[in-house]
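Work through the following exercises with the sequence and the coordinates at hand. Each task is followed by a solution in steps.

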Amino acid sequence: ATQVVPLTDVRDRAAWAHVAAAQAAALKKDWEAVKRELQFMDEWPNDRLVLLWGSRVAERLKEPVCRARFLARALELGATTDERISLARLLLEQGDVVGAEQQLGAALRLQADHAEGLLLQGVLCMQREQYGEAESLFARALKASADRRKCLMGMGMAAMGRSYPQGAWEKFCEVLVDQPDDAEAIHWLLRAGTAQNRWEELSRYLESYVRRNPGDLAVRFALAGVWLRADRVEESRRELETIRALNPQFDGLAELEQAIARKEAMQTVSAAEE
């Protein structure tokens with residue numbers, strides 16, 4: 001930073017030549033050439049700022065493996081908490097659970113209340129089926145102002161993992177208050193509600209969602225099943241016919257038709273006996 005030193009060492013010159021070649025190719029927008037130079041990341045110089053630049057270039061070019069390797073080398077020369085969290089997230093996405101855990105552990109030792117770090121630690125616990133600990137970590141992450149949706153969804157999934165559907169239901173409902181058209185939250189609410197036989201409440205959530213998202217046939221199909229379980233056979237058949245009109249080949253229609261027919265037959269017999 002304070003001196004200009006000639007590159008007299010052949011190995012130094014070769015290392016910096018990769019950087020120069022990558023920059024020259026980037027100026028020409030020759031992205032394939034840039035990608036080729038990124039593949040030589042192990043031969044790039046041990047310069048933290050240059051390695052961080054390489055990781056940013058790899059990110060822009062959608063080369064996550066290269067990005068992780070550049071970032072890992074840069075962090076060996078000094079790291080901030082946020083940089084360790086970024087690397088942990090990358091490693092987790094690539095399935096390197098051990099590497100992600102190491103980076104998270106180092107980051108949280110520096111900053112125990114790091115919101116994103118707590119969130120990722122919760123994800124790791126979910127992968128190990130440590131649901132109670134995961135739920136606690138997601139709650140701490142929420143308190144530390146991490147992404148609200150991710151925290152609530154994580155808490156709900158963890159509650160389902162430890163067989164507490166009531167708690168899960170409450171968290172998924174909170175997500176849907178914020179984002180009524182969240183398809184993933186609807187899916188998990190369906191699981192939590194089914195575990196508790198909450199057919200009437202489920203039907204209200206699903207019907208409201210379908211009204212705004214008429215093309216989501218999977219939720220329509222689920223709604224038909226919920227209505228059938230709630231003994232609202234007419235509504236269930238109406239939904240069946242709507243799905244059939246939109247997509248006659250939709251998987252499961254024949255089975256749903258048979259279930260509705262059985263329920264209709266039972267209602268007819270009951271009415272006759274009365």
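**Exercise 1: the largest pocket**

Task: state how many residues line the largest pocket and which of them lie nearest its centre.

Solution. The lining of the largest pocket consists of 15 residues, and those nearest the centre are Leu119, Leu120, Val123, Phe138 and Lys150. The model is a predicted one. The next step is volume: the largest pocket holds about 270 Å³ of space. Then assign the lining to helices: H5 (81-93), H7 (115-127) and H9 (148-161) each contribute at least two residues. Finally, sort the lining residues by class, which gives eight nonpolar, six charged and one polar.

**Exercise 2: helices H11 and H12**

Task: describe how H11 and H12 are oriented to each other, and list the residues in contact.

Solution. Two packed helices are described by the angle between their axes and the distance between the axes. For H11 (residues 183-195) and H12 (residues 199-212), the axes come within 10 Å and the crossing angle is roughly 165°. Angles over 145 degrees count as roughly antiparallel, and H11 and H12 are therefore roughly antiparallel to each other. The handedness of the crossing in which H11 passes H12 is left-handed. On the H11 side, the contact involves Ala183, Ile186, Leu189, Leu190, Gly193 and Thr194; these meet Trp199, Leu202, Tyr205, Leu206 and Tyr209 of H12. Counted by class, this contact of H11 with H12 has nine nonpolar residues, two polar ones and no charged ones.

**Exercise 3: helices H12 and H13**

Solution. H12 passes H13 in a crossing that is left-handed. H12 contributes Trp199, Leu202, Ser203, Leu206, Glu207, Tyr209 and Val210 to the contact, while H13 contributes Val219, Arg220, Ala222, Leu223, Val226, Trp227 and Arg229. The class count for H12 with H13 is ten nonpolar, one polar and three charged residues.

**Exercise 4: helices H4 and H5**

Solution. From H4, the residues Pro64, Arg67, Ala68, Leu71, Ala72 and Leu75 meet Glu83, Arg84, Ser86, Leu87, Leu90 and Leu91 in H5.

Terms used
Residues numbered from 1 in each chain as written. Predicted model: local features only at pLDDT ≥ 70, side-chain atom pairs only at ≥ 80, totals over all residues. Heavy atoms only, no water. Axes fitted to C-alpha atoms, helices over the stretch in contact; angles between N-to-C directions. Helix = DSSP H or I, 4+ residues; strand = E, 2+ residues; numbered from the N terminus. Parallel < 35°, antiparallel > 145°, perpendicular 65-115°, else oblique. Left-handed = near helix turned anticlockwise from the far one by under 90°. Contact = heavy atoms within 4.5 Å. Nonpolar A, V, L, I, M, F, W, Y, C, P; charged D, E, K, R; others polar. 1 Å grid on protein atoms, 1.4 Å probe; cavity = no way out; pocket = protein on both sides within 12 Å on 5 of 7 lines; lining within 4 Å. Points joined across faces, edges and corners; volume = space filled by probe spheres on them.
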